[in-house]
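Please look over the structure below before reading on.

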Amino acid sequence: MSWQTYVDNNLVGTGFVSQAAIYGTNGSKWATSPGFELSATEVNEIITGFSNADSVRGAGVHMNGDKYYVLRADERSIYGKKQSDGCCIVKTNQAILIGIYKEGVQPGQCTKVVENLADYLISVGYVSIDVRLFQSSLDINNLLPRL
């Protein structure tokens, strides 16, 4: 499945996410919904927010030119609010999932969609070997192909 399909079907297609994007943790754009573009500065601000939550708690996060006041920020998730709109941003090992919701959508509905997609990507192994070893205490020999 392409990253654009995840944005179109698994995020925006639910009806609980108005606009969405998926970026790599290195800042590269993987997929976005139409009309939703983040500048390099905005993406870097989000990336920094995952390792330094205080940087976005005080200044907010900016996406598509709009400022969202940060309600929660930690190493996995950043939640923000702008009047009756809001955002849910979730980081996996290699991807950053961004969901924007508009008035009429409950924050928890958007959050559930974005967080669940992140959990799914992690569950299907879309993480590095180091994280898989840590999460499931697998033996490295079980991860290597048999010769």
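A95 counts as buried because its relative accessibility is 0%, where buried means under 20% relative accessible area with a 1.4 Å probe and protein chains only. The model is a predicted one, in which local features need pLDDT of at least 70, side-chain atom pairs count only at pLDDT 80 or more, and totals for chains, interfaces and linings use all residues. Residues are numbered from 1 along each chain as its sequence is written, and side-chain values use heavy atoms, with hydrogens and water left out.

- A95 lies in strand β7, residues 95-101, strands being DSSP runs of E with at least two residues and helices runs of H or I with at least four, numbered from the N terminus.
- Apart from neighbours within four places in sequence, A95 is in contact (heavy atoms within 4.5 Å) with I22, Y23, G24, T25, W30 and V90.
- Between A95 and L121 the C-alpha to C-alpha distance is 9.2 Å, with 26 residues separating them in sequence.

**Helix α1 and its cover**

- Y6, V7 and L11 are buried in helix α1, which spans residues 3-11.
- The elements covering the buried residues of α1 include β1 (19-24), β2 (29-32), β7 and α4 (107-123).

**Packing of α1 with α4**

- The axes of α1 and α4, which are lines fitted to C-alpha atoms over the stretch in contact with angles running from 0 to 180 degrees between N-to-C directions, come within 11 Å and cross at roughly 140 degrees.
- This contact is made by W3, Y6, N10 and L11 of α1 together with V113, V114, L117, Y120 and L121 of α4.

Notes: Buried < 20%, exposed > 50% of the residue type's maximum accessible area, 1.4 Å probe, protein only.
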